[in-house]
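Open your viewer and get ready to click around.

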Amino acid sequence: MVSATHGSDEIHRIKFSSMGCPCELQVEADAQLAERAAAVVQAEVDRLDRKYSHYRDDSFVAMIGASADAGESIVVDNETADLLDFSAALHAQSGGKFDITAGALTRVWDLQSDRVPEASAIEHARSRCGWQRVEWARPNLRLPVPGMRLDLGGVVKEYAADRAAVLCRQIGVEHGIVDLGGDLAVIGAHADGSAWLAGIKAPRDTRQAIAQIELARGGLATSGDYERVMIVDGRRYSHIVDPLSGYPVASFASVSVVADSCLIAGAASTFGMLLGLDSGYAWLRDLGLPFLCIDADGNASGTLARENAEA
Amino acid sequence: MGARPHLSPSLAALMSAAAALAPEAHAQTATGAETDSRVSYRFNDYSEDSLAPGPHLGDPERYRVLSQQFQLATRAGSESAIDVSATHEVMSGSSPWYLLRGPDNRPIQVMSGATIQEHRNEVRASWTQGAGTSSSTTWSASYSQERDYRATALGVERSVPLGDALTLGYGGSFSHDLIDPFEAEKYDRVRHEDKNSASAFGSLAWVIDRASVLQTGLQLNVEHGYLSDPYKLVSVGSSLVDDLRPDRRVQAAWLARYRRAFSAADAALHVNYRYAQDNWGIVSHTVEAAWFQTLPSRWELVPSLRYYSQQQARFYAPYFVDAGSHNFYSSDYRLGTFGALSASFNLRKRIGKWEFSGGVERYHAATDYALGGADAVVPGVVSYTRAFIGLDYLLQ
């Protein structure tokens, strides 16, 4: 635990790793409460990682996958049901582009392989995707095609950040911020009422911040391709795959959105990415939340870009 | 962050989809902490003002009620919640008995003799299925007993989402009350009477935007049985008769509630309006506004204001000159024309697992506060002061 001061109060920074990314909790409280908050946050994020990771064989998501292979339906708990309802609403609103059943496609696009998959492999994967084919009648879920997989990666990290912030408040932490690999949820502003400063990494040099955003409440989420990307014949392929076309989206290098919760910010930034350069920008502008888009050349646009330029 | 963003249809849809996945809704945590359970204690002091200056007979000191309540609210599993409470009340003081026609036609208020201490006990339990979700059902039951009155009530209410931004609420309740007036023989009062009450309501709550919700609903209450007050008499000509009301009362009410959150100020405004009308001729309006303000260090302040106006029942009069064509008579001020203004201030402070609360309300009623009440003559209209303190312990 690293400590610093902001005004008269001590800020504790606790770094840990979960959900496959670097995480950090900052709280302005006494050391004992900070330690307790760190334990609660790590336990909660680990719980959600164990439950929803599609990299683990023992996760609930893996059990759902097994039920698809067996052709059976599975009863899900309340929390999972709420996540599925939320994902279903996003699927409907994005016209099918936001799809938690796109797991098979994500796997076909192995970004470490440095090669574009065969068209037949993409088609095969596409045949095992499509939320509209899923039978979902809360709490019963049936994935109709063997090999179909859920990938809740697009919502769980944001949900976990919000959950962590809520649990911190419940144990009495009033000032702090949760950062799960760039998805941020504010527990409460600094004790003196000032906002936390969140840096958005530059696409080309992730050690550098391209923008500083003030966050006094709510959440900030960034969706981007500069951390997981492959370049073949000069073309960038992101980890965000459009389930309708089967190909990664040619879009911004990153989209960041500020909202009342990290969950909403995450959904909005993912939508912005999925819709691509023109319609993504227009959609974000009409959405009305503060946003920042960075294109492949590192140019910033959006309401937050203007603020940063003025600052 | 710049100016507050406006609300677009896309954002409304996102907000509404996310609302079901409120991180607060999931009590299940890695530590197994259940933060929704609490034990509470409340002490309440309700004190009516002495009878207003004017001609009267008897003790002008009116009712005082001291009550204590214990409550346990707890989660039972991930989706259901149980709430049980027990209340004990001690009442003392005198109340308006009847009105005499005075020499100048001014009514003279006659008070009942001051009662010795009366006690009332009540137990109440409710069970909610789907607690913390958008679709929930609450079953409730209560039983209340005092020396001359027993009431048993059962109720159910449901809330069902109709769409992204619309929630339907509906429910009903039934109550069976037994009345055995005290000193029935001495004062020639009725004995062993009963009444049944049934109530049904339906409401629609509409999420207007990210910060505001509008709810509107209709309620129907039907009472049948002995609806008079066995302790009140009425002057008719030169004789005194029992308070006598119809044995059926049907009331319809329309209500509207508006909630708006001001997130920058960490505050919320609640505004309520209720219109009610019944077949006895009583028409009433209630307007209420409350401001919920959260302050640093876990303080919450809630100032609120309420206005109430009522037009009298057809069979109300301070006294009746003669029996005439009247079938029913009552001089109970609660059926007369009056209006009331009330202001209250509540506060709450959390320290660790303890929550302290306290509040005070001043309620002032008068005939000329009522809409069109300038000429009304309703002696005995009551004003009161209420104060409470409470202590909650949050169970982990």
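**Stop 1**

A residue is buried if 20 or more other C-beta atoms lie within 10 Å of its own, exposed if 12 or fewer, and partly exposed in between, with C-beta atoms placed from the backbone. Color the domains of chain A next: the core takes at least three residues from each of domain 1 (2-51 + 154-310) and domain 2 (73-150), with bounds that come from an automatic or database domain assignment.

Before going on, a word on what you're looking at. This is a predicted model, so local features need pLDDT of at least 70 and side-chain atom pairs count only at pLDDT 80 or more, while totals for chains, interfaces and linings use all residues. Residues are numbered from 1 along each chain as its sequence is written, and chains are lettered from A and ligands numbered from 1 in the order in which they are written.

Now zoom in on A:Ala164. Which residues is A:Ala164 in contact with, leaving aside its neighbours within four places in sequence? They are A:Val41, A:Glu44, A:Val45, A:Val178 and A:Ala185; contact means C-beta atoms, placed from the backbone, within 7 Å.

**Stop 2**

Show chain A as a cartoon and you'll find nine helices and 16 strands. These are DSSP runs, numbered from the N terminus: helices are H or I with at least four residues, strands E with at least two. Of its 311 residues, 49% count as buried. Switch to chain B, which has two helices and 21 strands; buried residues make up 16% of its 396 residues.

**Stop 1: a helix from B against A**

Select helix H1 of chain B, residues 9-19. Its buried residues are B:Leu11, B:Leu14, B:Met15, B:Ala17 and B:Ala18. Look down the axis of H1(B): the buried residues fall within an arc of 165 degrees (taken from the directions from the helix axis to the C-beta atoms), so they line one face of the helix.

**Stop 2: a hairpin in A**

Go to strands S12 (229-232) and S13 (235-238) of chain A, which pair in the antiparallel sense over four bridges; pairing needs at least two DSSP bridges. A:Val232 stands opposite A:Arg235 in S13(A). Two residues sit between the strands, and A:Asp233 takes a positive phi near 50 degrees.

**Stop 5**

Most residues other than glycine have a negative phi, and most peptide bonds are trans. Select A:Arg138 and A:Pro139: the peptide bond from the one to the other is cis, with omega near 0 degrees. A:Pro139 sits in the loop between strand S5 (135-137) and strand S6 (140-142) of chain A.

Over in chain B, B:His192 has a positive phi near 45 degrees. Is B:His192 buried or exposed? B:His192 is exposed, with 10 other C-beta atoms within 10 Å. Finish at B:Arg298, in the loop between strand S17 (283-295) and strand S18 (299-311) of chain B, where phi is positive at about 60 degrees.

Definitions and conventions: Two residues are in contact if their C-beta atoms, placed from the backbone, lie within 7 Å.
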